[in-house]
Amino acid sequence: MNVAQRGEGSLAVPSGFRAARQAFAEQIESVWSNAESRRELYMWQKPVVEIRVEEYERGTLPELTALYKEFALPAMLRHCGAPINFYVPNVGRINCVTQLWAYESLSDYDRKQAAIADDLSWQQYLRAADGIVRYRENRLTRRISFPGIDQLPNVATTKRVVDFRTYLIHFNKMPRFIETTEQHAMKVMVRHIGPPLGYYMTTVGNLQQITHVWGFDSMGDMETRRLARNADPEWKNYLDASHGIYERQETQVLLRMNLFDGA
């Protein structure tokens, strides 16, 4: 079925709107496809990051992807700029799309979400996705900045595979976690894996939660780099120092979606 036909009868698209939307998407695609230009957007360095997960009906990812390209992304790009990334699971919670969007502040988020809600293209996406998207959740996080890390080139945004880790920290242990990570973990991780795509502390959602994302070329690359990290004598210092901090640790392996390829 043609994606545009799915929403017919529920919300009409004005003449010329589709062409204007396509022209805008093509303009963004030219930026997105150039990794160096994309890093210059510094989306991954913005302080507030929304982590959004949409669970879809089994077998409907191709149709949902087409809906993203046709309706959702033009609205989001128009009001928010390029996302940090979109991901689908390789190992972990299946039938889900994970999105990362960056903002300057909570008020910036609020203002842009209001603009998106009024966008005709976004309204068309919501109508067309009815029956495809089963469940949606999101949380707002604040990016943790580590000295010296932000100045490094962040190639993790272009990696095909990411280790998407979520930690629940014991109550009142967050300052100790951040200090321990900075003093013991980060230098070893950067040495063997490279800078993270981001370290995020939840501010709206499940509190005491940390999400951090690391990029790899492949599952084999991830295994090789992890083994090297685990063999590093300094890694044990981190394991010892972090004992008693964690309530729970969860990880997923996600694959980057190339939404702009052939969009």
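Me: How many disulfides does a search of the whole structure find?

Reply: A disulfide is a covalent bond between the sulfur atoms of two cysteines. In this predicted model, the search returns 0 disulfides. Cysteine 80 has 5% relative accessibility, so it counts as buried. Cysteine 96, at 4% relative accessibility, counts as buried too.

Me: Cysteine 80 is in H4. What does helix H4 span between its end C-alpha atoms?

Reply: Helix H4 covers residues 61-80 and spans only 23 Å, whereas a straight helix of 20 residues would span 28 Å at 1.5 Å a residue. Look next for a bend: H4 has a kink of about 50° at alanine 72, shortly before proline 74. Just after H4, glycine 81 takes a positive phi of about 85°.

Me: Which residues of H4 are buried?

Reply: An α-helix has 3.6 residues a turn, so residues three or four places apart point the same way. In H4 the buried residues include Leu64, Leu67, Tyr68, Phe71 and Ala72, as well as a run from Leu73 through Pro74, Ala75 and Met76 to Leu77. Thr65 and Cys80 are also among them.

Me: How many residues are in the largest nonpolar core, and which have the most contacts inside it?

Reply: In soluble globular proteins, nonpolar side chains tend to be buried together. Here the largest nonpolar core has 51 residues, and Tyr68, Tyr125 and Phe177 have the most contacts inside it. H4 gives the most to this core, with 10 residues. A second, separate core has 13 residues, including Val49, Phe164, Leu197 and Val213.

Me: With neighbours within four places in sequence left aside, what is tyrosine 125 in contact with?

Reply: The contacts of tyrosine 125 include Leu64, Leu67, Tyr68, Phe71 and Ala72, which are also among the buried residues of H4. Glu54, Val133 and Arg136 are in contact with tyrosine 125 as well.

Me: How many aromatic pairs does the count come to?

Reply: A pair of aromatic rings is described by the distance of the centres and the angle of the planes. The count for this model is 12 aromatic pairs. One of them joins tyrosine 68 and phenylalanine 86, which are edge-to-face, with 5.5 Å centre to centre and 75° between the planes. Tyrosine 68 lies in helix H4 and phenylalanine 86 in strand S2 (residues 85-91), so this pair ties together parts that are 18 residues apart in sequence. Both tyrosine 68 and phenylalanine 86 are buried.

Tyrosine 167 and tyrosine 246 form another edge-to-face pair, at 5.0 Å centre to centre and 75° between the planes. Tyrosine 167 lies in strand S5 (residues 161-169) and tyrosine 246 in strand S8 (residues 246-256), so the parts that this pair ties together are 79 residues apart in sequence. Tyrosine 167 and tyrosine 246 are both buried.

Me: What does histidine 192 touch, not counting residues up to four places away in sequence?

Reply: Histidine 192, which is in helix H7, touches Arg225, Ala228, Arg229 and Asp232. Its C-alpha is 9.6 Å from that of asparagine 230, a residue 38 residues apart from histidine 192 in sequence. Just after H7, glycine 194 takes a positive phi of about 105°.

Me: Which phi does asparagine 172 have, and is this residue buried or exposed?

Reply: Most residues other than glycine have a negative phi, and most peptide bonds are trans. Asparagine 172 has a positive phi of about 70° although it is not a glycine. Asparagine 172 lies in the loop between S5 and helix H7 (174-192), and counts as exposed at 62% relative accessibility. Glutamine 208, also not a glycine, has a positive phi of about 65°. Its loop runs between strand S6 (198-204) and strand S7 (209-216), and glutamine 208 is partly exposed, with a relative accessible area of 25%.

Methods:
Residues numbered from 1 in each chain as written. Predicted model: local features only at pLDDT ≥ 70, side-chain atom pairs only at ≥ 80, totals over all residues. Heavy atoms only, no water. Helix = DSSP H or I, 4+ residues; strand = E, 2+ residues; numbered from the N terminus. Expected span 1.5 Å × (residues − 1). Bend = angle between axes of the 7 residues up to and from the residue. Buried < 20%, exposed > 50% of the residue type's maximum accessible area, 1.4 Å probe, protein only. Core = buried A, V, L, I, M, F, W, Y, C linked by side-chain atoms within 4.5 Å. Contact = heavy atoms within 4.5 Å. Disulfide = S-S within 2.5 Å. Phe/Tyr/Trp six-rings, centres within 6.5 Å; stacked < 30°, edge-to-face > 60°.
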